[in-house]
Amino acid sequence: MPVATLLIIATLLPLVSFLILVFLGRRMGSPLAGIVGTFFIAGSFVCSLAAMIVWLSMDTASGTAPGAGGQPYIRLMDWLPVGKWFSNNGFLQIGVHVDSLTIVMFSMVTLVSTLVYVFSLGYMSEDKRFPRFFTYLSLFCFSMLGLVIGGTILQLFIFWELVGLCSYLLIGFWYEKKSASNAAIKAFVVNRVGDLGFLIGLGILFFNLGNVSLMDVYRYLGNAGSVEKGQIIVLPADGTPAALAGTIQPAIAEAGKPDASKYNHMTVGLLTIMGIGLFFGAVGKSAQFPLHVWLPDAMEGPTPVSALIHAATMVAAGVYLVGRIFPILTPDAKLFIAIIGCITLTMAALIAMAQTDIKKVLAYSTLSQLGYMMLAMGIGSWVGALFHLITHAFFKALLFLGSGSVIHAAHHEQELGQYGGLWRKIPYTALTFGIAVLAIAGTPLMSGYYSKHLIVGNAASFSWLAAKVGKGWGYWLLFWVPTIIAYVTAFYMTRCWMLTFAGKPRNKHLYDHAHDTPILYIPLIALAVLSIIAGYEWFGVPSFLRSTQKETRNYFERTRAVAGSETPAPPLMARFTGFDTSWQPASAYEHETEPANGAAESSPHAARPEPEAHAARTELAAGHAPKPEGALPEIKEEDPARIAAFHNGEKLVHWSGYAFIIGIGLGVLVYWNGFAVANAMLKIAPIRWINIWLYRKMYFDELYGVIFVGVTLAISKLASAIDTYVIDVAVNLSAKLVKRGSDLAGAHDTYIVDGAVNGAASLAQSLGVAVRAPQTGRIRAYVLALMVVVAVGLAAAIVVVLSVVG
Amino acid sequence: MFVGIIDNPIGLNHFLVLGALMFACGLLSMMVKRNAIGILMGVELVLNAANVNLVAFNRYLWAGDRAGGKPLMDGQVFAIFVIVLAAAEAAVALAIFLNYYNNFSSIDVERGQTLKG
């Protein structure tokens, strides 16, 4: 079966499971609903694994190294007609984009999810909303897989929002707890802030490019990594020469050359804003510095959810997004990302040292590790960031599930102060948790060592390069800060382990009742194995990631080669420097990420045969088509500055290599007997103050409470005052006026109109009464009246006649 | 005044007095009678009092007057008309009384004070 089909099936299986559980979940009840959900996600994992095997065998068939000869599988289809004004072909597109990164992410997400499902079967078994939990989990996995397979940034955004929704549902799963529902709302709102940035970036991209499929974005903006101040990137449009599209041009035309700025283009400033905007989405999802406040609160959710959010889905989404948009980030945007990452990793590691809730410690360690990943993205270590994402997913899932096992054993007590000595009671958990601690501390032979050292080494190279081109000493911070924090990481993770498992029991009752549960520690063991082996070269994560970059380049070269022969010429392919460190002055390199773990390839020359083989493959793929005019600029594989930077990075990276010894050693020393030493140290005033400051999470919540909540409340109070004293008064005044006016009109109605009508009626009535009185119906009375009248008349006549005659 | 009537031979004045008496009797009969027939009789008396006057005036004031060789008979003709009218009136009145009687089982006019049925 084709890879894409398998992956689409893998994506849809959790959706099917979601639909089944939505309609039938309650009827299935516990534990059947959970088993069904687990079955589907396991199926999804099997599909992902099959896809990986097919993917590898495809590459084997083409006679090349894993992934290197292949190219991404891309299928897009028109989805919503939106008109030509908005989109280049009149449609919003959706589709799939499958490359090695997709495969790796799929395998990681489905594997971790499966283990979390299994763990949840045990952990959630007594919850009364057990089926609903698995319903949400399924939707969560579907969203994440949809995000990973998405072929356009728009699609990424859609699933991005779905992931956000699911995190809201799951963090607030125990919504009876006020703190849980508050945390869910906080997570949702803080993520909206980041999503606004995403939307702005997406809007800029869509407005300028008219198409946000990943490949088109790479094709036309793939050069963004080497754009300098005063330059523009020409975009395809009607009337733009095809040869110019996607190329870097000076913003102001040089003498004797055509003016590129008259065509549709993006300036470097706009590109930077777009990149930072998109990154802000990742800041929200991956909980980076200004928007990190939601992640520790998200601990209110059930522990398996924390594991899923922190390892496989939510926070991974942010790093994955930055990985996907990496080629279109300008150097300035990357620097911004690196600084944010650096701030986050420092802040979070410091706070983690003082936390006493086991899950809070882990939450801040996640923040710190995400900071490492973002830093890696910022300094251009694309492989390092995603490598760390994968290894971190395994050991962080292990840590969270381990903490879940501890919490389960301890009857939902999360305070480190209540633990102690638990290793005797829950040995499997203690052992696996310990492996995860070693991994995150960067102990050699553990996965965390390789990924973290790749990042720190690349940071060293980056700083060295920056210093070499005279960028100032500040850039060295981007190396030294993560190096020092590596020590802190080892320390606080050791502290967490020591306080939980070592020493004397601090809560006798809790200690006596603690016990291991098989369904809980089976996933732990699997994850522990993965936490060890995920970093090795033979396990294939780094090589898979590296081949992503080659695949993308192959894609462009082949498209171009084919286009040169018969088909109408497509726009000139931008030289795809994509997933590289693109720090000036050198525009392209391969080596910083190649020797992933020092030992594997000690010399950059080992990679030398690559370009020739590369070119040959390209020729082969193109059917020996002659290279079209304006061939791709050859990538300088042996840029001396790059090689020097790499070597210097190698020289410096050992500084973080001692972290695990010193950090773990210190941790063991300080916490060998519970809080005794720590409490003694806290007697010293400055340490106590710092501890309180860190324990209170550097007062970020209070700060945001004052700045955002306070200001919002103040504004709403002001608005309310305006409402009460201005608008209400005006409204009431006008109401009174209207009432007066209507009173007047009412009186007019009552006394004049009605008076006239009633008056006429009563006049007629009284006239009728008056006239009726003589109509007695008595004939004799009539006759009498007649006679009287006649008599009177006669008498009058006589008087008149007499007076006249007389 | 009465002396003049008694003393003088029969003349116009006697007839006028007779007419006036008849008229008075008729009027009185109409005023005091509750019986519908009595009222009708009163009406006949009034009409005939007028007839007496008409004929008397014609006899005494226009006696012997000629118009184109023929005696003037206007008073008599009027009287004939009145008699015819009285007959027609009596017929209508009696028909009404018959209906009246059907409705009220009586011809007492005091009972017919309402317009309904």
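This is a predicted model: local features need pLDDT of at least 70, side-chain atom pairs count only at pLDDT 80 or more; totals for chains, interfaces and linings use all residues.

Which residues in α16(A) meet which residues in α17(A)?

Author: From α16(A), the residues taking part are A:K452, A:I455, A:V456, A:A459, A:A460, A:F462 and A:S463. Their partners in α17(A) are A:L478, A:F479, A:P482, A:T483 and A:A486. Sorted by class, the residues of this contact comprise 9 nonpolar, 2 polar and 1 charged.

Now for how the two helices lie. Helix α16 of chain A covers residues 447-468, and helix α17 of chain A covers residues 477-501. Because angles over 145 degrees count as roughly antiparallel, α16(A) is roughly antiparallel to α17(A). The crossing of α16(A) past α17(A) is left-handed.

Chain A has a mean pLDDT of 81, with 87% of its residues at 70 or more. Within chain A, helix α4 (residues 130-149) has the highest confidence, at a mean of 92, while helix α21 (residues 610-621) has the lowest, at 37. The pLDDT is below 50 over residues 565-637 of chain A, a stretch with 144 contacts in the model beyond near neighbours in sequence. Residues 63-68 of chain A also stay under 50, and the model gives them 17 contacts beyond four places in sequence.

Finally, chain A has a partner: 8 of its residues are in contact with 10 residues of chain B. On the chain B side, helix α2 (residues 12-32) gives the most, with 4 residues.

Note on methods: Residues are numbered from 1 along each chain as its sequence is written. Chains are lettered from A and ligands numbered from 1 in the order in which they are written. Two residues are in contact if their C-beta atoms, placed from the backbone, lie within 7 Å. pLDDT is the predictor's confidence in each residue, from 0 to 100. Axes are lines fitted to C-alpha atoms, for helices over the stretch in contact, and angles run from 0 to 180 degrees between N-to-C directions. Angles under 35 degrees count as roughly parallel, over 145 as roughly antiparallel, 65 to 115 as roughly perpendicular and the rest as oblique. A crossing is left-handed if the near helix is turned anticlockwise from the far one by less than a right angle, and right-handed if clockwise. Ala, Val, Leu, Ile, Met, Phe, Trp, Tyr, Cys and Pro count as nonpolar, Asp, Glu, Lys and Arg as charged, and the others, Gly among them, as polar.
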